[in-house]
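Okay, everyone, thanks for coming. Let me put the structure up and walk you through it.

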Amino acid sequence: MKVTLSRFTYGGDCVGSLPDGRAVFVPDTLPGETVEIELIEEKRSYARGRALEILDPSPSRVQPFCHHFGACGGCHYQHMGYADQLAAKKLVLKDQFAHIAGIVDPPVEDVIPAPQTVHYRNSMQFHVDCGGKVGFRARASNTIIPVTECFLPVLPIQEIWPQFHFRPAAFERRFEVRCGTHDEIMLVPDGDADNFPELKEFQAALLADRNFVSMTVLEKAFRVSSGSFFQVNIPVAEAIIRHLQQSLPFSEEMQLLDLYSGVGLFSRFFAAQTARTAAVELSASACSDYAINLADFPQAVCHQGSAEKILPRLRMNFDQVIVDPPRAGLMKRVLETLIRMGPQRIAYVSCDPSTLARDVRRLLAAGYQLDRITPFDMFPHTYHVETVVLLSRKIPDDQIGVDLI
Ligand SMILES: C[S@@+](CC[C@H](N)C(=O)[O-])C[C@H]1O[C@@H](n2cnc3c(N)ncnc32)[C@H](O)[C@@H]1O
């Protein structure tokens, strides 16, 4: 059937209307395009479609540069130019803040572009199918599609991954390749390393038995172990740090909370300007890295455990909080404890606009004011966007209201 698409939605698809009024989501399309589709999934209130033919293409449509685009689940936006990608991400964010956070005309700033739009990822997850072929997950499915090219990894990863050859196995496998600042390559099997004898051989051929890499951000070096999270796009992480440096006022009496701290990226830039910095991080490996990365800062301490358990036990009066949770955002218990603590400022760094908007709605209801929403294009050619929201407390201590959220 024929459908005209109206706008982008979070997830990369455009949405249009079926003749019966249901919304239909179609990937690889652009707003304004009329497209012939087939339905691939139908629910009571919406459906999903696949574009068979673009009948009336948008002037913004461009030829994707990777021949796996459309089949591979990694990229969603290669069919439009980079400026249009940024505009689409801004509109989707505005939509999320309007509908989920209930903000009328949300003040979302222009998306800060990535300095490099290809070969930007310092970490890639590859899948190996039962035949031993290396690939990625397909669009909207769990199948692995073997790939022969990909433009997202940094060049040292780009050079090495086509050389990987795996023997057939009874099951699918997955591994990560990480590249440090000095082009050191670390191979990390997902699950049992014994399932992956080939990875040991490749790592041995690289003349290193590595379980960590060094990452440099704004001239500061970070140790990042195989089990620790790190930002995948360093130039964009640097732009986020600069943004926080310009936006957050610090003084030597201040107490900072770095919640979901990872290996201490944010602490490393701000601890020196605080009396105390407390970090909370679930991963033991990231906490060990934190201790090394912040070794010169006795005022910075990382507490290992879940934010839900650790935060209520911290007896400190935080002036500023930087939170950078996983996609799921802040659990209710974490949010309530944070509000009870009542820091003057919260900088919320998020890779998921929908959980971010949900949590911002709760913070606004509890007495915080929205100061800025600044998106950063950490992941060009995908629908993903990293956003920094700055909030400040505008009401006195006794009116801060957990019961409001
Ligand atoms: C998006 S990363 C941010 C890390 C760090 N801020 C950075 O920029 O490198 C989220 C971090 O939260 C940690 N994490 C996940 N669930 C957690 C939880 N329930 N409590 C505390 N930390 C958690 C992860 O291990 C990861 O290091």
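**Active site, sheet and ligand shell**

So, let's start with C351, which UniProt lists as "active site" in an unreviewed entry. UniProt positions are in the numbering used here, feature names are shortened, and annotations may be inferred rather than shown by experiment. Before going on, two housekeeping points. This is a predicted model, where local features need pLDDT of at least 70, side-chain atom pairs count only at pLDDT 80 or more, and totals for chains, interfaces and linings use all residues. Residues are numbered from 1 along each chain as its sequence is written.

Back to C351: you'll find it in the loop between β17 (345-350) and α9 (353-365). Helices (H or I, at least four residues) and strands (E, at least two) are DSSP runs, numbered from the N terminus. The cut-offs are 20 or more other C-beta atoms within 10 Å for buried, 12 or fewer for exposed, and partly exposed in between, with C-beta atoms placed from the backbone.

Now, β17 belongs to an open sheet of seven strands, mixed in pairing, with the order β15-β14-β13-β16-β17-β19-β18. At the edges sit β15 (300-304) and β18 (368-376), each pairing on one side only. Strands pair here if DSSP finds at least two bridges between them. Look at β13 (residues 255-259) and β16 (residues 320-323): they run parallel, with four bridges, and L257 sits opposite V321 in β16.

Which residues come nearest to the ligand? Of the 17 around it, those are F229, Y260, G262, L282 and D324. Near means that the C-beta atom, placed from the backbone, lies within 6 Å. Two elements give two or more residues to that shell: α5 (265-270) and β14 (276-281).

L311 lies in the loop between α7 (307-310) and β16, and it's buried, because 25 other C-beta atoms lie within 10 Å.

Last, the overall layout. An automatic or database domain assignment divides the protein into domain 1 (2-61), domain 2 (123-217) and domain 3 (232-404). Taken over C-alpha atoms, the centres of domain 1 and domain 2 are 34 Å apart. UniProt, again in an unreviewed entry, lists residues 1-53 as "domain: TRAM"; that stretch is 60% strand and 0% helix.
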